[in-house]
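Trainee: I'd like to learn how to read a structure like this one. Could you walk me through some features?

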Amino acid sequence: MSVLQANCPSCAAPVEFKAGSTIVLVCPFCRSAIARSDRGLQDLGKVAEIVESQSSLKLGLKGEFKGARFELTGRAQLRHELGGSWDEWYATFSNGWVGWLAEAQGNFYLTFYQPMPEGVSLPSFDKLQVGQIVPEIPSTIPLMVVEKGIATAVAAAGEIPYQLTPNEQSSYADLSGSDSAFGTIDYSLDPPWVFIGQQVSLADIGLANARPAEREARRVSTAAMGCPNCGGPLSLTAPDKAERVTCPNCDSLLDVNQGNLTYLKTLTPTEADKSFVLAIGAEGTFKDDVKFKIIGAVVRSVTIDGETYYWHEYLLYNPTIFFRWLVHSDNHWNFVEPLNPADVAADANILGARSATHNGKKFKIFQDAPAVVQYVKGEFYWRVEQGETVRAVDYVAAPLMLSQESTEKEINWSIGNYMTNAEIEKAFGITDLPKPWSVAPNQPFTGGFYYTWGLLPLFLLLVVAVFMIPIAGLTNTVLSQEVSLPPMTNATTAQIAFSQPFEIKGNRNIRISASAPVSNSFAELDVDLVNNQSQEVESVTIPIEYYFGSDSDGSWTEGAKEQDATLSSLPAGKYTLRVEGTWQDWQTPMPLSLKVEQNVNRGVNFLCAFLVLLIVPVLGLFRKISFESRRWKDSMFNTSSSEE
Amino acid sequence: MLKKLYLIFGIGVMLTYGAAAWFGWELANSGKNSRIGVPFIYTGFRGGK
């Protein structure tokens, strides 16, 4: 279709369909949705005025995508059935393309209509399952259903490239795939239309000036209101996002609808519910100096084997980044960010898989249980309710935790990063947070040093040991001599013999060996190594005994005919061995074979050093095993603890 | 701090081993029949008789 100038059928004001793709134009004067067709203009009814959000986009903005220039010519606001709304911007390209630029929670998704191949039809909306891949969609990247819902077109402006009927509801399914791939199936048409594209940043589409990371964070605007139940004052930090708020004066849960508050119910918190350690309104500075304000807090619980476990979650808000979570459980803390479901590869079935992989890191399942909202406080961007239940599956790979929360209509993934108490205290400028107990599912073990880098001295010891063998030299014999002790005069008076002099070198250990022909008898030798120059003496005792025989078990022996003793190095010089001996058969002479060696390679020193250095790594390893055991003891899947 | 102390200790043990190998020191009871019978590293003469 071409450019069309006409008068509004409702108010007769002049209107112009600029883009050839425009189907519906919102009259800027009377807000009527005007559809053009072959039969002329048709008034579809009034549309509400766009609720100004904190979007950095506006009609008329020009950008570029893959070399093609476009202009934002239309905008619609759609309302989610569970609360919350999102914007859809319509990009009219100079080459005739029409792009759908969806904006939700600070993220942007640019998609284009994709005709289905001939003869291929999509599953019906009812048959479509959250978590399933839709192979019928003609996309190179497999797309998985992450959300099913019903949208209501509540407001619009500019030119719309499809038949937008005010307040008309339409079913849709959102899909995502790896590498930021994104898709939508619009079930309001028959057959349904498929839109395929990707998640983009504003810089990707030539709108760098509005790039969220670089644009100046706007001051949080606060809307002051009155509670419809008690009349007390309350304020909204993110009025364009809030769907539910609680009154700080009367604990009423209030619905927020375009700035109007409706009383829903009065919450009755238990003592446990009230025990939030951080206050609504507190501001904290997190990674990259990003400031977040706590705008809401939730108490949630899971019940496992009849026992209920509670934890607290704080909703953080930043006007540029939007929402994050701070989870407080057993006095452990996690900073939680949303994750594209397609960036998580569930290794088996996407729902309740035993493991999941994200960024090449494998996460093991820790818990799979229904999580229930027990109590809420503050404001929320969805229609939160007491008793709201989702299936929550946690996967851990310290210090990270992947969490999957799913309902029949939606599947969400988030990634939590463990934070220490000190980090939380620093972020919020507070002190004395309650100390954590036990071990958190994704708490990192901080003692790994002792069995990783702590093995460095052991490794160096091995290197030194290997290199010292050739450096210290090989074993050499400095004396080998036969001597004979004459028969003893009685059983107690020892006989003495001397060796010939021999040379001892310094800085080398010394081994003295003696062998005697004992047979079912013993010989006791006191051996002195005498320095011929200084007459100093180094003494060792070498007892030799050798027994043998046979009994009912067969033959046996005990002891040996040769024994030795090793000494540390002695000053270099001439030495003589003085051997003083007694032996069992004292009436007979005792022939002895003496040997003195140096540079004897022995493992005792090495073994002792090795064992000493092994103590700390082994203790570190035991600590790690104990830590992992405590981590997994509360898990429903704790059989895998031993694999850590 | 503890990590540094452990590393200093570990390097100390390793250097002691290296020095023992270089200077020919032995643990006193390393000779299984030594009269001293307690593990320590010694050098030189312990005295004569």
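Trainee: Let's start with contacts. Which residues does Lys574(A) contact, leaving aside its neighbours within four places in sequence?

Mentor: Keep in mind that this is a predicted model. For a contact, we ask whether two C-beta atoms lie within 7 Å. Here, Lys574(A) touches Pro501(A), Glu503(A), Asn532(A) and Gln533(A), once neighbours within four places in sequence are set aside.

Trainee: And where does Lys574(A) sit, and is it buried or exposed?

Mentor: You'll find Lys574(A) in strand E39 of chain A, which covers residues 573–583. Lys574(A) has 12 of them inside 10 Å, so it counts as exposed.

Trainee: Okay, strands next. What does E39(A) pair with?

Mentor: Follow the bridges. E35(A) and E39(A) are joined by 9 bridges and run antiparallel. In that pairing, Val527(A) stands opposite Val579(A) of E39(A).

Trainee: How many bridges join E35(A) to E36(A)?

Mentor: There are 10, and these two strands also run antiparallel. Look for Val530(A), which faces Val537(A) in E36(A). E35(A) and E36(A) make a hairpin, with 5 residues between them.

Trainee: What about omega? Which peptide bond is cis, with omega near 0 degrees?

Mentor: That's the bond from Asp190(A) to Pro191(A). Pro191(A) belongs to the loop between strands E13 (181–186) and E14 (193–200) of chain A. Another cis bond runs from Ala398(A) to Pro399(A), with omega near 5 degrees.

Trainee: Last one: how many residues does each chain bring to the contact between A and B?

Mentor: Chain A brings 38 residues and chain B brings 28. On the side of chain A, the largest share is the 8 residues from H4(A). By type, that side splits into 23 nonpolar, 10 polar and 5 charged residues.

Technical notes. Residues are numbered from 1 along each chain as its sequence is written. Chains are lettered from A and ligands numbered from 1 in the order in which they are written. This is a predicted model: local features need pLDDT of at least 70, side-chain atom pairs count only at pLDDT 80 or more; totals for chains, interfaces and linings use all residues. Helices (H or I, at least four residues) and strands (E, at least two) are DSSP runs, numbered from the N terminus. A residue is buried if 20 or more other C-beta atoms lie within 10 Å of its own, exposed if 12 or fewer, and partly exposed in between; C-beta atoms are placed from the backbone. Ala, Val, Leu, Ile, Met, Phe, Trp, Tyr, Cys and Pro count as nonpolar, Asp, Glu, Lys and Arg as charged, and the others, Gly among them, as polar. Two strands pair if DSSP finds at least two bridges between them.
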